[in-house]
Amino acid sequence: MPTIDLNAVRRAVMRVLGATFVVTAAALLVPSVGAAQVPPAPTAPSDDRLRVFLDCPNGGCDRNFFINEIPYAIWTQDRLDADVHLLVTRIETGSGGSEFAMQFIAQRRLGSGADTLITSVPPNTTDDMRRRSLARLIQVGLAGRASRVRGRGQFMNRMRIVYDAPDSAEIAATATQSDRWNLWVYRLDLNGNGSAESRSSDYRVSGGFSARRITEIWKLDFDVDNDYNANRYELSDGSERTFILRSSDVTARIVRSLSEHWSVGTRMTGGLSEFRNQDAYGTADLSAEYNYFPWRDATSRQLIALVALGGRYYDYSEITLYERSTELRPLMRAIVAGESRQTWGTANASLRYTQFLHDRNRFNLSFNGRTNIRLSRGLSVEFRGEAAKVQDQLYLPRGDASDDEVLTRQRALATAFRLSGSVGLSFTFGSIYNSIVNPRLDDLGR
């Protein structure tokens with residue numbers, strides 16, 4: 001059997017991580033979007049419509065729907081061919097919904113500059129309601145851009161603006177509206193899934209409850225989660241084996257905003273984890289966070305540093321490698337993380353360090369990052385990487401894991417590191433004007 005050179009694997013992964021880190025660090029300080037120079041566009045003499053490139057890195061956009069609803073735009077396949085680079089980013093709101101920020105970045109025939117429109121979508125909104133809300137905002141943004149192009153001929157003569165004015169009842173209801181929930185948002189989840197074959201079956205039941213109240217100054221967040229996972233196998237001798245894993249988590253978090261850049265908070269957690277040999281655990285810490293960029297820019301870029309100090313308590317199911325059945329340990333955490341979503345692509349990375357203060361050799365240092373860059377017309381490259389130095393597995397039970405426990409992942413295994421990485425290229429070429437929607441047999445064909 002051929003052997004695997006672990007050192008060679010580590011070196012390859014670290015090269016990926018190094019490239020990701022360097023590109024991400026540079027990306028976070030790139031000037032605002034719209035500053036890049038764009039080469040001249042190929043012309044389409046028979047069609048004077050506005051050319052738009054939809055860039056939606058976080059999802060939630062329905063490109064085919066926009067094509068049908070906004071016929072005065074040609075939706076190009078590459079940003080270099082567009083008059084408007086439409087960059088759509090989103091971030092979760094306090095209610096559990098989404099805030100979408102749309103940047104209409106002018107280029108080519110429209111010169112330069114950028115406008116931003118923002119809209120919020122409530123939680124539990126259907127896909128159709130969300131895409132219609134976004135389409136309305138896109139039409140408003142594009143209409144303003146279309147009017148700035150000279151010599152449009154009959155194009156502007158075909159445009160019209162429609163406004164759905166509220167009736168008197170709607171105006172009166174809005175004036176007297178009050179929030180009886182005082183900004184509190186509650187969510188209850190219950191999920192179950194399973195599968196079965198002649199000689200095996202598995203099912204999983206999970207549930208959770210959350211309550212949160214988020215304002216500009218305070219963030220109060222409470223969560224409860226439970227998970228039950230069972231797997232059954234029939235062996236070749238006719239005997240059956242069943243493996244069950246349970247976990248429960250309770251989390252309370254309170255955050256206070258101090259300024260455009262500073263925040264402080266506290267977090268408390270508790271629960272149990274059979275996978276981690278814990279009949280019960282509890283944690284509490286105090287933390288401070290600084291964002292280099294103002295928080296109002298969070299949908300497009302963040303660069304944060306966080307420091308936390310607290311402690312962890314464990315009550316173990318089995319005696320650990322360090323001859324402990326319970327323990328209470330002081331702990332500190334430090335995090336540096338960044339994210340950038342710009343016209344050239346997206347980048348995010350984080351460096352995390354956890355240190356048990358009772359023993360300087362008990363720590364965890366990890367890095368993970370992802371960078372997707374558009375190199376040229378139709379060509380993009382993506383780097384992903386994750387690496388961790390693991391020295392903090394206080395919970396490991398003494399004794400070797402059985403073959404069943406290893407194969408079915410019934411308990412955590414001792415390790416000194418974790419590594420993963422990937423590199424990908426994509427290249428799109430062909431017609432830049434084909435925005436025809438034809439979904440026939442798309443779903444059935446798969």
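**Exercise 1.** Find which residues Ser366 is in contact with, leaving aside its neighbours within four places in sequence.

*Solution.* Start with the rule: contact means heavy atoms within 4.5 Å. Leave out the neighbours within four places in sequence; Ser366 is then in contact with Ser350, Leu351, Arg352, Ala387 and Ala388. Ser366 lies in strand S15 (residues 363-376). Strands are DSSP runs of E, at least two residues long, and helices are runs of H or I, at least four, all numbered from the N terminus.

This is a predicted model: local features need pLDDT of at least 70, side-chain atom pairs count only at pLDDT 80 or more, and totals for chains, interfaces and linings use all residues. Residues are numbered from 1 along each chain as its sequence is written, and side-chain values use heavy atoms, with hydrogens and water left out.

**Exercise 2.** Decide whether Ser366 is buried or exposed.

*Solution.* Take the cut-offs: buried is under 20% relative accessible area, exposed is over 50%, and partly exposed is in between (1.4 Å probe, protein chains only). Ser366 has a relative accessible area of 17%, so Ser366 is buried. Now the whole chain: buried residues make up 35% of its 446 residues.

**Exercise 3.** Work out which strands stand at the edges of the five-strand open sheet, each with a single partner strand.

*Solution.* Write the order: S2-S1-S3-S4-S5, with mixed pairing. Two strands pair if DSSP finds at least two bridges between them. Strands S2 (73-75) and S5 (114-121) each have a single partner strand, so one side of each lacks a neighbour in the sheet. Check one pair. S4 (residues 98-106) and S5 pair in the antiparallel sense over eight bridges. Met102 stands opposite Leu117 in S5.
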